[in-house]
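Hello,

Here is the structure I promised to pass on to you. My notes on what turned up in it follow below.

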Amino acid sequence: MKPARFDYARPATLAEALALLAQPDAAVLAGGQSLMPMMNLRVARPALLVDINRLPLGEITLAGGTLRIGALARHAEVLASPLVALAAPLLPQALAQVAHAAIRNRGTLGGSLSLADPAAELPACMLALDATLVVASAARGERRIPAGAFFLGLYSTALASDELLLAAELPAAAPGWRFAFLEVARRHGDFAMAGVALALGPNAARLALCGVEAGQRRQPAAEAALAAGDPAAAIAALASTDAMDSPELSAAHRRHLAQVLLRRALAHLEAADAAA
Amino acid sequence: MTHIGQPLPRAATARLVAGRGSYLDDVSARGEVHAAFLRSPYPHAGFRITGTEAARALPGVVAVLTEADLAAVCQPWQTKTGSAPGMVSPPQRALAKDEACYQGEPIAMVLALSRAVAEDAAELVEVEWQELPAITNLAAALEADAPPAHQGLTSNLAWSTELKGGDIEAAFAAAALVVEDRLTFTRSTGVTLEPRGVLAQYNPASQALEVRISHQMPHQLQRHLADLLGVPLGRVRVICPDVGGGFGLKMHVYPDEIATCAAARLLGRPVRFVADRAEALLSDIHAREHIVEARMAVDAEGRILGFDVQDVQGLGAYSIFPRSSTTEGVSALRSLGAPYRFSAYRGRLRSVLQNKVPTGQYRSVGHPVGIAVAERLVDLAAAARGEDPLEFRRRNLVAQAEMPWVNPLGARMAELSHQQCLAKLEALLDLPTLRTEIAAMRAAGRCIGLGFASIVEFTATGPEGYGRAGVLVAAVDTVVLSLEPSGEVTARASISEIGQGTTQGLAQVVSDALGVAPDQVLMGSGDTATTPHGGGAWASRGAAIGGEAAWGAGRKLRAEVLAAAAALLQCAPETLDVRDGRITDASGPRMTLAELAETVTFRGYELPAGVQPQLTVAHHYRREQDTALTTNGFQASLVEIDAETGIITPLRHWAVGDCGRLLNPLLVEGQVRGGVVQGIGEALFEACRYDETGQFLSGTLADYLLPMAGEMPDITVAHVETPYSGSVLGAKGAGEAGTAGAPAAILNAVNDALAPHGASVSELPVTPGVVLRALGRLA
Amino acid sequence: MLPPDEPTAAIACTVNGQAIRTQVPLRRSLVDWLRHDVGLTGSHVGCEHGVCGACHVRVDGLVVRGCLMLAVQADGAAIETIEGAADALTLALQQAFFEKAALQCGFCTPGMILQAAELLAANPAPSRAEVREALSGNYCRCTGYQPIVDAVMAVGAALHAK
């Protein structure tokens, strides 16, 4: 299928882009790796495509203990970035499992976070890494949203329709913290049937799941158990997640996988510790 | 013979690796318009098209057509076959009339200056829908209160039959052991990477229709287009350019393709239709939807006594035209247990109409189903007897001395090499070592399984098959050769090329038959205007049937060449030979083929009186015996199951096969490996799913999972060569055996892995959910 | 041909080194434009939803899904298709695919070769598993993948030997 008609604009400045996004039925075109398939299937029919690929939003910087990844950073760039490997080692673990090389050449961090696909890896990583998302609109200027308040549900975020995600800011990995991203997928590069993003620190933990609940969020009960040094309780806590139910993948199936993956993630970190 | 049997690369692929192929959508016609179809969103609905004005008014729209428009130029068709007497399959039209019987059935078409605009306009066609009760679930379709798939039908049973031989009651009464299982097979589909497509042009002045189409058999389609559109056969030209995969999918009569040709006839301008992937998954034939309940009787010595089988097969809304979807059910029953000696068989087939797209012949038609069922029963019997599964098989395989073997179904098998294939497989596997490795992996907590499958595949169907059933499918082929003045040989074959490499194999045959280098043989196929009528590509027939035609043509041309050369050289033809493009005698080369052809073509005065060399010859081949050529083989699969996630990883796969003489082992191995992976896909990934209301759920390649490089194992391939004694070359079919046996080998491997956990599965594809439920980890 | 009201935009880019300035319909994908308007039919359309990889082309040196980029986005870019890819890796891969029968119908082959070339440029000595992983976004329905892996490994080994 071919897309339904749309208008197209390619702003050269952020201000221009934000002005365009204030128009009705405008959609941001970044990497296009999710939007274009939906448009080709005519599931998405924006009136106006705002192509932000010319905006200078792809930078990756590390300063003052904060890793800032621009929304237009391509998956392949984030995956290969030494700064990211240093300050957010969870991300390369996850990105190696995101889609395929050609998709990673085009797909962007901002696109993945803005779409909030429940099965996507990067939202879970942002939650587990305690990211802050920087967004802007013409009407209200810039605001900063903690990841926990950004992801609201199935394909739903705190981004207003006139807002653009500019960057993700992540506190650089603190000493003593360890990270694991594990997922189960039918085939290499497929969206996760279930995945866990885990940051484990001294008496603290941050845990998020993908592919399990419709809206990605931290798992406070499991985190508390992990912080208290009770992994069994943490795994048990995942039995009460509000998992999605679909014909091919039941809620019970997703919860089961989440539990298996958390146990494996913990074992993985333990083995890494033992090796170190 | 110097080139037959050599692993030569396929000449034609030099174009394809360079991106210089010519597939259907690579060529356009001036003034063409693009078609898009409005398809039923419902599995079953009455409808009335109430308005096409808005669609017509859209700038760029050329026409909006409905059934009423096409009826003027296009007849309906109905599937009838002597192989399934009394079958109920309602007439089918290029565009549905009043009632849509499957989701995706085309009900209107829009022609516009671009595909995008045609799609825009299709959304504007106004339709009043009356949803009707739909039946999609196979198990429920025969229940008394099931809604009929077509209004007015009293039952969804399209056809039933019973194949039997021997005394089945006595066999089961005498059995020391009876094993049984119920296996379910979810629909899968071919997914050629190039979707179906057609570019049709009608010249009203010459009343001639020219159709370029991605299709496996140009001549079959030519005949149907002539019949349906009322154009004399000789004025219908069908051209199949490079075809991006066939697998049986591109050999049926599809409503959208016929509608495109009809529209071209109505409009008098070129019309292009290329299916997008979503509509391909929705409208291409599906295949292999079966529920099979089967029992096998075994005596106290572990000998198979008989099979008792009930197969319910989903047809979809129509039995596919022209071959009939029932063929798959019959083939499943025929292939079930075919490698083994047994004395009684009863197979009951019920073929059922449903509100789904029709099923049809797809690579290895029916065999994967029948073989999976039989091989599962064989493993169950071996396990019940506490016996090695290969020992059980070895005892029951039909021995060479017993052949030709006619089993109780009347299936005749000859020149099979079960024992040699088994021995070769055991050697390849290094079974004692492999068993030790498996034991060690299991001891380390890994869930590992090894599975086997023994295969008989019925290939290269002869004229007895469809011919006797009254279905217009050619089982004969012809090759025409011309010696060009350059010394090159142009060949035109009614066999067609769909990527399997048949034309390379035929070039090697011509090369040896005539005495020229293979690269001097320029193969042409896939065009009704340039090739004689013949069967095209189906049933793994290229080498066995096309090869014989090529050989015969090559020998005829050689005789002509020798006679002409003898006349020029004033010697006896018997003293001459043709080697590497040169005519030689005992003293060495005397002239080249180019010199001879130049003389004949441009300097005919040099020839003696009465000598009329025929440098263009044709050879037609019809096999006079053996309805099909049986081939045999073994496969083995080693899999690992992650018992916590249910993910199955094929680790290794082995395939040993006997397809008679190998024309080109590189091509045969390509067929085997590709076929095996298609079979693994069927076993582990591929499924056409529907929800409870009959809505299709597998409409994109993100939903319909194909096997990809990351998950597939390396496949070890070996051959046993038992040439078919009834032909010159002795080749049999090679294109489908990989697909035939892989699902069974995988299913058995999975069950071997699960057995220590007290679990088993009887469902394809074996998804992670199926595994976890079998292990009791999921409810 | 286009209806009179189809929205278009002007673009200027290079395709296989040739500078082009033209109008493109806004909703035409890069691969459709290359195939139907530029006449480079070597990259194919297998799904239009970014799954199969048959549409691969290089944009500014990176392999991308041609069905998920709009032609209008090619403005200012350097586009390369299989027909124009004349780098040594691509040529060696084409020869190896030919020799090892790493294709049957050939529909996936151009996309597959471009992806393999990108892999070998970054990792000249990949393992079989790495080749399989790198090609996991390219469907082949004919070969079962093994001869493709063989061909890529052979080119990798030849590179290594140099």
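**Inside chain C**

The centres of domain 1 of chain C and domain 2 of chain C, taken over C-alpha atoms, are separated by 23 Å. Domain 1 covers 8–80 and domain 2 covers 88–161 of chain C, with bounds from an automatic or database domain assignment. Please keep in mind that this is a predicted model: local features need pLDDT of at least 70, side-chain atom pairs count only at pLDDT 80 or more, and totals for chains, interfaces and linings use all residues. Residues are numbered from 1 along each chain as its sequence is written, chains are lettered from A and ligands numbered from 1 in the order in which they are written, and side-chain values use heavy atoms, leaving out hydrogens and water.

Together, domain 1 and domain 2 of chain C bury about 1,000 Å² (accessible area, 1.4 Å probe, lost on being put together and summed over both parts). Of the area that domain 1 buries against domain 2, 41% is supplied by His44(C), His56(C) and Val63(C), more than any other three residues.

**Between chains A and B**

Chain A and chain B bury about 2,200 Å² between them, with 54% of it on carbon and sulfur atoms. The contact (heavy atoms within 4.5 Å) takes 24 residues from chain A and 27 residues from chain B. Here there are eight salt bridges. Arg42(A) and Glu123(B) meet in a salt bridge through their side chains, at 3.2 Å, N to O.

Best wishes

Methods: Buried area is the accessible area (1.4 Å probe) that two parts lose on being put together, summed over both. A salt bridge is a side-chain nitrogen of Lys or Arg within 4 Å of a carboxyl oxygen of Asp or Glu.
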